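Please work through the following exercises with the coordinates open, and try each task before reading its solution.

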Amino acid sequence: MQALRRSILLAGAALVTVIIAAEVQPRPEHPFAPEQPIAFSHRVHVIDDGIDCAYCHGAARRSRFAGIPSVERCMGCHEIVLHEHPEVEKLARYWQYRAPIRWVKVYSVPGFVRFSHEAHMRARVSCARCHGAVESMDVVARATSLQMGWCIDCHRSMHAPVDCLTCHF
Amino acid sequence: MERRDFLKIAGVGASAALADGCSGQSTDRLIPYLVASDNVVPGVPAYYATTCGACPAGCGLLAKTIDGRVIKAEGNPRHPINAGRLCARGQASVQSLYDPDRFRGPVGRTSNGSWQPISWETAESLLVTKLRDTIGRGRGGAVAWLGGLQTGSMERLSGDLLKAVGSERRLFYEPFEYGALRRAAELTVGRRQIPSYDFDTANFVLSFGAEFLESWLSPVEFAGAFARFRQRRVADPFGAFIAVAPRQSLTVLNADGWVPVPPGSEVLVALSLVHAIVNATAASTSAAPSSIQSQVAPYSPEATARATGVAPETVRGLARQFVNSSPSLAVGGSLTGGGADPVALETAVLLLNAVAGNIGRTIRFDRPSSLDALATYSDMVDLTRAMAGGQIDLLLVHQTNPVYTLPAATGFGPALDRVPFVVSFSREPDETTAHAHLVLPDHHFLESWGDYSPRPGVEGLRQPAMSPMFSTQAAGDVLLRTARAVGAQPPDAFRAHDYAQYVRDYWNDRAWEESLKNGGRFARQDSMSPPEETLRDLTSTIAFPSIPSTAPGNDLGLIVCTSPLLYDGRDANASWLQEVPDPVTKSVWNGYAEVHPDAARGLGIADGDAVTLESSSGRITAAARVSSGVHPAGVAVPLGYGRSAPLRYAGGRGANAFALLSAAPVGGSLPWGTARVKVARAGNGRRLVVLQTETRSSADRSRLPLDAIIRPASVIQPPGTTPPHRESDLYSRHEHPEHRWGMAIDLNTCTGCSACVVACYAENNVPVVGEAGCADGREMSWIRIERYDAEARMSQGIRRTDTVSMPMLCQQCDEAPCEAVCPVFATYHNPEGLNAQVYARCVGTRFCSNNCPYKVRRFNWTRYEWPSPLELQLNPDVTVRSSGVMEKCTFCVQRIQAAKNDAGRANSTLSDGDITPACAQTCPAHAIVFGDLNDPASRVSRLAGDRRAFRALEELNTRPAITYLKRVAPAGDAKGT
């Protein structure tokens with residue numbers, strides 16, 4: 001009786017683990033695509049309007065951060081362009097009340113990982129490799145797992161450093 | 001339930017809980033600027049050249065900012081005073097910038113005496129109203145300015161404002177005002193100024209207590225010069241540095257010999273040396289008038305021997321050496337010493353230099369010092385009297401804290417209460433603001449425009465490295481607006497739109513952008529021509545103290561001492577300066593009363609007991625520290641403790657040494673060295689936390705540190721005769737295909753000042769654990785200075801100090817004992833020679849720290865907090881470790897990676913000197929060198945093969961990447977000639 005109870009408890013705990021672990025795995029058919037404060041569409045700006053990535057994310061080639069455009073950068077066009085659009089009206093209100101836009105970060109690595117955009121741009125890694133086809137997204141969705149194994153796979157195949165101190169210090 | 005079942009279920013349950021954390025869903029936000037600045041690239045540092053304001057030395061400082069906030073202070077390599085190095089307090093200036101106790105805005109005194117935050121409009125209009133009233137009543141002459149030393153713009157602005165209101169009352173006050181030195185210079189050569197000192201060209205240095213490696217005059221500059229003085233010994237053993245002092249300060253610890261004398265008797269030793277020199281048959285090349293011979297006649301070495309305890313042969317030997325090593329250099333008394341007549345001591349020291357022919361060579365009066373403008377203590381006593389007598393109606397207090405830095409007996413505090421309106425520009429609450437009616441908090445110097453020139457030819461510019469943290473205003477801005485509001489004349493003097501414009505107008509610089517980049521205007525140093533100096537007749541101007549005939553009573557002479565960390569206590573609220581151990585005593589977070597074992601025995605005091613010290617002026621309680629580093633007739637108490645202001649790190653710690661000092665000036669100066677105290681045991685005290693209790697090496701002469709000091713070249717053992725230790729290898733050697741990072745630390749030049757320790761705290765986000773944490777041995781410093789004393793011995797009547805300060809940090813061993821025992825491979829040897837510690841993998845078994853023979857690994861026992869806004873200082877390039885994780889020195893790997901990135905960006909390769917860890921960058925003595933051991937031409941490679949080289953605990957076969965270089969003893973030391 002004791003042995004049976006023990007086995008049931010153990011099996012139950014193991015089952016719970018498996019269920020939770022399965023639940024939390026990133027699933028390709030339901031990527032992480034959070035709702036943003038303003039419904040900014042990359043597709044419209046990049047494919048339709050032809051704006052270059054570096055116009056907004058210019059820090060990527062000279063810093064570890066890619067950079068997010070300042071509200072002023074957006075207002076540069078949207079002072080005039082489509083100013084009656086409800087989302088642009090939201091933007092204008094941010095500008096009017098001097099509040100920066102708190103975008104939800106889609107690609108996030110933990111604090112003990114030091115990722116440098118500059119180093120990867122110098123190595124000619126395309127933005128799409130890690131961020132997917134952002135230019136065709138209406139809502140930015142996570143296209144890759146960002147798990148360490150995924151990083152190491154690419155580093156190994158591209159003969160980039162795999163020493164721990166490259167990213168963890 | 002069985003234990004095993006419980007463990008199984010708990011294990012599975014834990015993994016279930018942990019699995020939840022692997023989802024990768026973040027709730028992080030990306031927050032852009034509203035309006036981006038062109039100068040700010042996120043994550044890329046910008047450096048601003050400015051001038052340090054932590055003491056009047058005026059070193060050049062480069063403020064490193066990231067994303068618009070200052071995270072690190074470095075020395076400005078272009079500045080002639082400090083040549084790119086900073087002392088511990090300069091490094092800690094980022095902490096005083098983010099001090100949680102800073103005033104958030106102006107405060108005014110309410111009717112019931114409490115502080116109330118008010119707006120700037122209200123605050124400034126209050127000042128303007130009071131000032132107008134005072135002028136209106138014809139009492140413009142009763143307005144006074146009391147501030148720290150200012151030159152340039154602020155000197156002119158404050159002067160112009162006072163002149164406009166009709167006042168001549170302005171005092172630039174520093175607790176260390178060198179008044180005795182200036183007066184002595186006036187008496188001897190007719191110039192009331194502080195001389196310039198040249199340590200590197202001297203062949204023999206004799207100090208009477210001056211802490212030139214810690215806080216005296218310009219410590220970073222002198223440390224650099226002293227390092228060069230010592231390095232000459234490597235090629236050509238000669239000369240020495242001997243200190244005559246009642247206590248071993250850090251500077252005395254770096255001497256080759258210490259002549260312990262009762263406090264106050266340094267002047268007798270100086271005079272007996274002059275006597276010995278002028279009466280020796282092989283006379284000196286002195287320019288001394290014959291009157292000197294008669295004036296020093298009573299002070300023969302025999303006559304002074306009993307009072308000083310120094311044998312006549314010792315005096316004569318020193319005198320001989322001093323003259324024969326020409327040019328030699330004698331420097332005067334301690335900042336807080338000088339005995340009963342500090343002017344006499346400084347005069348005697350100048351005479352000593354004169355009779356040995358040093359004046360105009362190693363000690364020169366060729367250029368004035370800005371410190372010459374400092375008010376003397378007598379001036380402060382006069383001000384106190386004026387305030388108490390109702391002669392001051394409005395006092396402006398700027399960058400000074402006299403209620404703390406004057407003896408209570410002076411009565412400055414009560415006198416201040418008689419002033420109807422006291423305005424302070426202080427950044428944080430201090431003992432003086434407690435008496436103020438209005439506080440208009442000034443910016444921190446890292447947020448300020450301004451300038452400071454320590455001497456002609458060196459004009460340091462000060463520019464803000466970031467926007468003000470709080471609602472503070474530049475004092476200069478307030479003065480300009482106030483002057484305009486009261487209609488001060490002439491209007492042109494206050495025309496500038498703001499203080500930034502005022503400074504720019506004052507500089508009138510055609511190359512303003514150049515000055516901003518350089519941090520100032522620096523003329524060539526050799527443009528001053530030394531004038532002719534003739535020694536004056538002193539018979540009518542000075543009476544040297546008589547030799548005491550009776551032994552002093554059973555009380556002890558008070559020796560007030562300073563540390564290079566706390567100085568006069570002004571930055572005591574910087575927690576790094578409390579947590580980094582005092583370089584001499586290795587104590588933290590508290591003051592002490594240091595007594596000699598003989599005195600302690602007589603008084604029945606044991607180490608750690610609470611003792612009361614009572615002088616004729618006051619009484620304090622402190623923790624006793626029994627040490628042979630103080631003369632038996634003295635008790636040493638450090639400054640900077642016993643602060644009463646509501647400061648979370650500085651307040652209520654230790655005892656205030658100022659309370660024991662009397663008020664009457666001696667020779668115009670504060671009577672630092674006249675107090676006699678009765679010391680009595682007061683019970684079992686709170687233990688003084690000391691981080692290194694054992695400084696004596698083992699008797700085994702083959703171990704550190706006795707081998708850390710080598711005798712001059714002629715008596716060194718030739719390399720072949722050292723018994724080699726067995727080199728055995730269980731594993732194959734590591735390969736380092738590209739770089740192999742290494743370091744060389746020269747114990748010949750390291751002074752133990754601990755600037756590197758504070759720099760490391762700043763650069764690597766090292767947490768402060770507090771006094772209780774330190775008591776548990778949980779201090780987190782990645783680098784520490786270990787003090788090693790050899791056996792005490794006497795040579796020619798002088799006590800050889802043989803103290804070595806050894807910076808100890810992770811040795812980045814090639815055969816690291818820590819790597820083999822980590823169960824999760826969180827520490828390993830990386831291909832560039834570093835012992836890597838991966839925080840994410842560490843599970844906290846602490847076996848690595850257990851196995852490390854150097855004990856340089858630090859464990860995060862808890863999650864340490866940085867009270868707001870101190871977290872703004874954190875370096876974003878370095879992970880902030882959570883609890884349960886091991887950390888240690890990484891050779892500033894973030895700087896290595898940054899340098900590689902810079903080289904990649906410029907499409908070039910790394911060269912020697914591109915990478916400098918924080919410790920190496922700040923060391924004022926240039927003792928730490930970093931580089932690539934794979935590069936045979938690099939400095940560190942050459943030093944690794946130096947004949948002075950050794951490795952720490954070499955016989956353990958850890959093969960460290962750090963090479964230490966042995967100190968060279970002075971010539972003649974081995975033979976005892």
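**Exercise 1.** Determine which residues of helix 11 of chain B are buried, and what they pack against.

*Solution.* Helices here are DSSP runs of H or I with at least four residues and strands are E runs of at least two, numbered from the N terminus, while buried means under 20% relative accessible area, exposed over 50% and partly exposed in between, with a 1.4 Å probe and protein chains only. With these cut-offs, helix 11 of chain B, which covers residues 301-308, has as its buried residues B:P301, B:T304, B:A305, B:A307 and B:T308. Taking contact as heavy atoms within 4.5 Å, one finds that these buried residues pack against strand 12, helix 9 (266-279) and helix 12 of chain B. Finally, the residue that follows helix 11 of chain B is B:G309, with a positive phi near 75 degrees.

The model is predicted, so that local features need pLDDT of at least 70 and side-chain atom pairs count only at pLDDT 80 or more, whereas totals for chains, interfaces and linings use all residues. Residues are numbered from 1 along each chain as its sequence is written, chains are lettered from A and ligands numbered from 1 in the order in which they are written, and side-chain values use heavy atoms, with hydrogens and water left out.

**Exercise 2.** Explain why strand 6 and strand 8 of chain B each have one side without a neighbour in their sheet.

*Solution.* Begin with the order of this open sheet of seven strands in chain B, which is 6-5-17-16-15-7-8 with mixed pairing. Strand 6 (115-117) and strand 8 (169-172) of chain B stand at the edges with a single partner strand each, and therefore one side of each has no neighbour in the sheet. Further in, strand 7 (residues 143-147) and strand 15 (residues 394-398) of chain B pair in the parallel sense over five bridges, and B:A144 stands opposite B:L395. Helix 4 (residues 120-136) of chain B lies across strand 7, strand 15, strand 16 (421-424) and strand 17 (438-439), at about 135 degrees to strand 15 of chain B. Helix 14 (residues 377-388) of chain B lies across strand 7, strand 8 and strand 15, at about 140 degrees to strand 8 of chain B.

**Exercise 3.** Locate the cis peptide bond between B:Q489 and B:P490, the one between B:S868 and B:P869, and the positive phi angles of A:L82 and B:H926.

*Solution.* The bond from B:Q489 to B:P490 has omega near -5 degrees, and B:P490 belongs to the loop between helix 17 (475-485) and helix 18 (499-507) of chain B. For the bond joining B:S868 and B:P869, omega is about 0 degrees, and B:P869 is in the loop between strand 35 (858-859) and strand 36 (886-887) of chain B.

A:L82, a residue other than glycine, has phi near 55 degrees; A:L82 lies between helix 4 (71-78) and helix 5 (86-96) of chain A, and is partly exposed at 45% relative accessibility. For B:H926, phi is likewise positive, near 55 degrees, and the relative accessibility of 39% makes B:H926 partly exposed.

Notes:
Two strands pair if DSSP finds at least two bridges between them. Axes are lines fitted to C-alpha atoms, for helices over the stretch in contact, and angles run from 0 to 180 degrees between N-to-C directions.
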